[in-house]
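Biologist: I am new to this structure and would like to learn how to read it, feature by feature. Could you take me through it?

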Amino acid sequence: MTTLIASMHQKLEQDFPNFADEARLLIRASLYFSKLVDDYLTACEQVDALMHEAQPTDEAQLHQVRKQRLELKDEIAPVSYTHLTLPT
């Protein structure tokens, strides 16, 4: 497993602890869900980068990226809850 994939899995487990295994399956099965998770992880990386820059961060840009990350997380969450309540 590459470092990028490992970090993606770690982030999913951290943010969606009860859904990480199912998310990996959905990522493979759904192009839409895969893009959604990819966009979410990209937003997470952008927030981390902006917060750890040596130079002062533009607060408006940081706020916008955080807002985007939260919107994506809110879009992923219902999928996780729906998937968890489906009969096996």
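This is a predicted model: local features need pLDDT of at least 70, side-chain atom pairs count only at pLDDT 80 or more; totals for chains, interfaces and linings use all residues.

Biologist: How are two packed helices described?

Modeller: In general, the description rests on the angle between the two axes and on the distance between those axes. Here, helix α2 (residues 20–29) packs with α3 at an angle of about 120°, and their axes are 6 Å apart. Since angles of 65 to 115 degrees count as roughly perpendicular and those over 145 as roughly antiparallel, α2 and α3 are therefore oblique to each other. The crossing of α2 and α3 is left-handed.

Biologist: Which side chains meet in a salt bridge?

Modeller: A salt bridge requires a side-chain nitrogen of Lys or Arg within 4 Å of a carboxyl oxygen of Asp or Glu. The structure holds 1 salt bridge, in which the side chains of Lys 35 and Asp 39 meet at 3.0 Å, N to O. Both belong to helix α3 (residues 31–51), and because they are 4 residues apart there, about one helical turn separates them.

Biologist: What lies over the face of Phe 16?

Modeller: Lys 73 lies over that face of Phe 16, at 5.8 Å from the ring centre.

How values were computed
Residues are numbered from 1 along each chain as its sequence is written. Side-chain values use heavy atoms; hydrogens and water are left out. Helices (H or I, at least four residues) and strands (E, at least two) are DSSP runs, numbered from the N terminus. A charge sits over a ring if NZ of Lys or CZ of Arg is within 6 Å of the ring centre and within 35 degrees of the ring normal. Axes are lines fitted to C-alpha atoms, for helices over the stretch in contact, and angles run from 0 to 180 degrees between N-to-C directions. Angles under 35 degrees count as roughly parallel, over 145 as roughly antiparallel, 65 to 115 as roughly perpendicular and the rest as oblique. A crossing is left-handed if the near helix is turned anticlockwise from the far one by less than a right angle, and right-handed if clockwise.
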